[in-house]
Amino acid sequence: MPRSEALARGMRLTALAADIRAEWRSGNRARLARVVIVLLVILAAATFVGSIMTGAADASLSNVVAWLFGASDADQVFSVRDRIIILDIRLPRAVLGMLVGASLAVSGVVMQGLFRNPLADPGLVGVSSGASLGAVLLIVLGSAVFGPLFALFGFYALPVAAFIGGLVTTLLLYRIATRGGQTSIATLLLAGIALGALAGAFTGVLIFMADDKQLRDVTFWGLGSLAGANWTKIAAAAPIILLSLAVTPFLARGLNAITLGEAAAFHMGIPVQRMKNIAIVSVAAATGASVAVSGGIGFVGIVVPHLLRLVIGPDHRYLIPASALLGGTLLILADMIARTIASPAELPIGIVTAFIGAPFFLWILLRGRTTMGL
Amino acid sequence: MISVSNLSVRLGGRVVIHGISFEAAPGELTAIVGPNGCGKTTTLKAISGELPAETGSVSINGRNLKGLKPWELALKRGVLPQSTVISFPFTVREVVRLGLTAGATSDPRANDRIAADALEAVDLGGFAGRFYQELSGGEQQRVQLARVLCQISDPVADGEPRYLLLDEPVSSLDIRHQLTIMQLARKFCERGGGVIAVMHDLNLTAMFADRMIMMKAGKIRASGAPGDVLTDETMEAVFGCRMQVSAMPAAGVPFVLPQTATL
């Protein structure tokens, strides 16, 4: 690129930054949000590629890319080992990380919007526990009780069971915590703890009943890990996650309006009840599918939306796509930490997100004590 | 025209509005007054469509509320609630622009102008960049009014009058802004729209309202021009305190001083 062109581009960027600063001062964060989303796309892509390139074993990505683009076996540019490591281990893991991270973050955003509170999160208020119960119920009681479910859904049975568990919990929670269109945050959190504990107790009973093989399945599944990622898991979870994520942008206007209260949203022309139903089902589906394939991974749904609100504001039209991107990116990063920090052994990713997320959550509490009515 | 006919409303298992009927015409500011708990806000909620009618009906420009979808209603009337708490860090500009959701136009230039005008109209010209949560109660109330004005920016649209339903629009405002907001409501009426406001300040009401509806215990006790409604007799019957209604000689606007009361 010639010097003058680089200079012109630099000046355009400076002008853009000045515009954004001026707009920010007048309360307009729309363009800032769009720029942030573009940056997040780049960051997500870089993280994705980076995570495929790093790992305990050496494997050359460029060789595999060359193979993908048609270099034949005779060219000797790749080894079968490289190909397996990258295409069958790291790639599905990165894809699953992206999917689950996006799903957890967006579920957090939608739930927070719906309950009008920045502390609502499927993991925190027991929805994930409910989804776990659904999944464990399926693993332990298995084909004896749920034969027809297996017959009907095939390998979708686990995500579907987790979805049903999550949905029942979310509906109960909504019924308990919302009265006359107003949600009490104290009731929400406490009811979430109670429901989570109840779901945990039922799960405990099931584990108690389980035989050795089932126990093994439950334990491995429940560690909260992307370690078991493979294309079959992705095929089971991706349609549900992608479908529920695809719905959420259409909720954005309604979620914005509902921040002023359900009555005000109705006054502004939002069909509130229908919007809530769609939101609840999509949160339960996204959470259920994520829990089904990766166990309990906490705090993504709270940390990501909160960070983004600090930068681009709470407008859901931008917050939803930005959260999906940052959620996926952060989960892949956390997974990279999980599998390299004690290499060649692996830490469950749930531990990493808890180490980052829990202190962050405390920080939100301390910072927002006055504004959140706690 | 907003017509309320034989309206009863049930709230929490109890009928709190008992068969009231009145009409609010475009071009007029209709004020609903009465003691605490007499059903003023409930009436307004039934008119906005937020609460269903137990019996009777509410119609807006000749169409029964029951047959109107939320977005259709949103194009006919805007509603200002008593107070609005927001738990997310929205800027004033963002809150006001939420009113554009109902969307008369999608032209960004026109929308920018509507939002800026609305903020100007409630005397919050320089506040666009401030955070809603950091404003005082009175300022927040005015931001919400600006948001409603964004939704119903033209008092008449497609040849039909539109309405503002205001629940205690000046309850937390200083005296200057009370006058600003009441004048704004008046101007909305003069331009062909209609306003129904729940009010507490009888003197402001007398000054600005064309019609006054005085309620007690879920029923209408008196209605008409402020001069006809505000009498010593109705004051005692409705509020249960004997006081003297006076009139300023110049304009003939009645006023009533708490100093004249005996409880």
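**A walk through chains A and B**

Chain A has 15 helices and two strands, and the model in which these elements are seen is a predicted one. Of the 374 residues that make up chain A, 48% count as buried. Among the contacts in chain A with a separation of 6 or more, 78% are accounted for by residues 24 or more positions apart.

One helix pair of chain A can be followed in detail. Two packed helices are described by the angle between their axes and the distance between the axes. For helix α6 (residues 157-177) of chain A and helix α9 (residues 231-247) of chain A, the axes come within 9 Å and cross at roughly 40°. On the side of α6(A) the contact is made by Leu158(A), Pro159(A) and Phe163(A), and on the side of α9(A) by Ala236(A), Ala237(A) and Ile240(A).

Six strands of chain B form an open sheet of mixed pairing, in the order β6-β9-β10-β3-β11-β12. At its edges stand β6 and β12 (219-224) of chain B, each with a single partner strand, so that one side of each is left without a neighbour in the sheet. Neighbouring strands of this sheet are turned against each other by 15° on average, direction ignored. The partner of β6(B) is strand β9 (residues 163-167) of chain B, to which β6(B) is joined by four bridges, with the two strands running parallel; Val79(B), for example, has Leu165(B) in β9(B) as its bridge partner. Helix α9 (residues 232-239) of chain B packs on the sheet, where it touches β11 (211-216) and β12 of chain B, and the direction of this helix makes about 160° with that of β12(B).

Chain B also contains a hairpin, formed by β1(B) and β2(B) with two residues between them. Strand β1 (residues 2-11) of chain B pairs with strand β2 (residues 14-24) of chain B in the antiparallel sense over seven bridges. Leu11(B) has Arg14(B) in β2(B) as its bridge partner, and in the turn Gly12(B) has a positive phi of about 60°.

Helix α4 (residues 108-121) of chain B packs against helix α5 (residues 137-151) of chain B at an angle of about 140°, with their axes 8 Å apart. Angles over 145 degrees count as roughly antiparallel, and α4(B) and α5(B) are therefore oblique to each other. In this arrangement α4(B) passes α5(B) in a right-handed crossing. From α4(B), Ile114(B), Ala115(B), Ala118(B), Leu119(B) and Ala121(B) meet Ala146(B), Leu149(B) and Cys150(B) in α5(B). The residues of this contact of α4(B) with α5(B) divide into eight nonpolar, no polar and no charged.

Definitions and conventions:
Residues numbered from 1 in each chain as written. Chains lettered and ligands numbered in written order. Predicted model: local features only at pLDDT ≥ 70, side-chain atom pairs only at ≥ 80, totals over all residues. Axes fitted to C-alpha atoms, helices over the stretch in contact; angles between N-to-C directions. Parallel < 35°, antiparallel > 145°, perpendicular 65-115°, else oblique. Left-handed = near helix turned anticlockwise from the far one by under 90°. Contact = placed C-beta atoms within 7 Å. Nonpolar A, V, L, I, M, F, W, Y, C, P; charged D, E, K, R; others polar. Buried ≥ 20, exposed ≤ 12 C-beta atoms within 10 Å, placed from the backbone. Pairing = 2+ DSSP bridges.
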